[in-house]
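Keep the picture beside you as you read.

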Amino acid sequence: MARAVVVAVALWLAITWITGTANVFRGSPSEPPLALLVALLTPPLAFVIAYRGSRRFRSFALSIDLRLLTALQGWRVIGGMFLVLFSFEMLPGLFAYPAGVGDLAVGLAAPFVVRAIARQSPGWQRQVLWLNVAGLVDFVGAIGTGVLTSASALGFFASASPGADMGAFPLSLIPTFAVPLWIVVHVVSLLQLARLRSAAVAAA
């Protein structure tokens with residue numbers, strides 16, 4: 001199952017890479033960014049279907065080391081590049097600030113939560129919970145402001161001057177691969193946490 005998941009993720013990355021270079025995600029200013037939204041929502045939806053439909057996949061997801069899942073959130077610090085792009089007037093502040101600051105906060109907090117898990121520190125489960133909730137809330141805000149500032153029919157706060165296009169490669173890899181992958185990691189972490197709490201209640 002682990003090998004199958006790795007192959008599936010590699011194939012997913014290849015598809016988003018190829019379609020990104022083919023400008024599939026660069027929409028028209030007169031249309032909503034449907035291609036980007038579909039690419040963003042499909043992987044988490046596929047995970048939910050697989051999780052609910054396959055006991056073997058569900059067991060695999062729940063067996064992944066929670067420390068590894070949490071450590072993966074450390075890579076969120078790359079979201080600081082949104083603030084760099086804003087400093088060069090390539091991204092609007094309405095998107096760059098919540099997305100960049102939120103990603104930095106989650107990424108910088110992740111190693112401390114990993115340490116808490118490893119040491120089984122008091123309240124470590126609460127730290128895991130809040131890290132993942134904060135990460136998901138950050139994505140909701142980033143996606144929402146990203147759509148509202150996009151050069152699309154839904155870009156009500158789009159800048160008049162052209163800037164970095166999140167639908168253009170290589171930035172397109174963020175909403176089509178990185179964000180949905182991290183969403184799945186968040187969901188798996190929360191599912192594991194719920195199982196641990198259920199086991200603790202049952203044992204009490």
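**A first look**

Val147 is found in helix H7; helices here (H or I, at least four residues) are DSSP runs, numbered from the N terminus. Val147 is buried, because its relative accessible area is 17%, and buried means under 20%, exposed over 50% and partly exposed in between, with a 1.4 Å probe and protein chains only. The C-alpha atoms of Val147 and Phe95 are separated by 8.9 Å, although these residues sit 52 residues apart along the chain.

This is a predicted model, in which local features need pLDDT of at least 70 and side-chain atom pairs count only at pLDDT 80 or more, while totals for chains, interfaces and linings use all residues. Residues are numbered from 1 along each chain as its sequence is written, and side-chain values use heavy atoms, with hydrogens and water left out.

**Helix H2 and its kink**

- Helix H2 covers residues 34-53, and its 20 residues should span 28 Å at 1.5 Å a residue; the end C-alpha atoms are 27 Å apart, so the two values agree. The expected span of a helix is 1.5 Å times one less than its number of residues.
- Where does H2 have a kink of about 30°? The kink lies at Thr42, shortly before the proline Pro43. The bend at a residue is the angle between axes fitted to the seven residues ending there and the seven starting there.
- Ile183 belongs to helix H8 (residues 173-203), and Ile183 is buried because its relative accessible area is 14%.

**How H6 and H7 pack**

- The axes of helix H6 (residues 93-119) and helix H7 (residues 124-148) come within 9 Å and cross at roughly 165°. That angle makes H6 roughly antiparallel to H7.
- Axes are lines fitted to C-alpha atoms, for helices over the stretch in contact, and angles run from 0 to 180 degrees between N-to-C directions. Angles under 35 degrees count as roughly parallel, over 145 as roughly antiparallel, 65 to 115 as roughly perpendicular and the rest as oblique.
- The residues of the contact of H6 with H7 divide into 17 nonpolar, 5 polar and 2 charged. Ala, Val, Leu, Ile, Met, Phe, Trp, Tyr, Cys and Pro count as nonpolar, Asp, Glu, Lys and Arg as charged, and the others, Gly among them, as polar.

- Is Ala96, a residue with a relative accessible area of 0%, buried or exposed? Ala96 is buried, and its place is in helix H6.
- Ala96 and Val84 are 12 residues apart in sequence and 8.7 Å apart in space, from C-alpha to C-alpha.
- Leu136 lies in helix H7 and is partly exposed, because its relative accessible area is 24%.
- Between the C-alpha atoms of Leu136 and Val187 there are 8.8 Å, with 51 residues separating the pair along the chain.

**Details in the loops**

- Asn23 lies in the loop between helix H1 (2-21) and H2, and it has a positive phi of about 60° although it is not a glycine. Asn23 is partly exposed, with a relative accessible area of 40%.
- Gln120 is found in the loop between H6 and H7. Its phi is near 50°, a positive value in a residue other than glycine.
- Which two residues does a cis peptide bond join? Phe169 and Pro170 are joined this way, with omega about 5°, and Pro170 has its place in the loop between H7 and H8.

How values were computed
Helix = DSSP H or I, 4+ residues; strand = E, 2+ residues; numbered from the N terminus.
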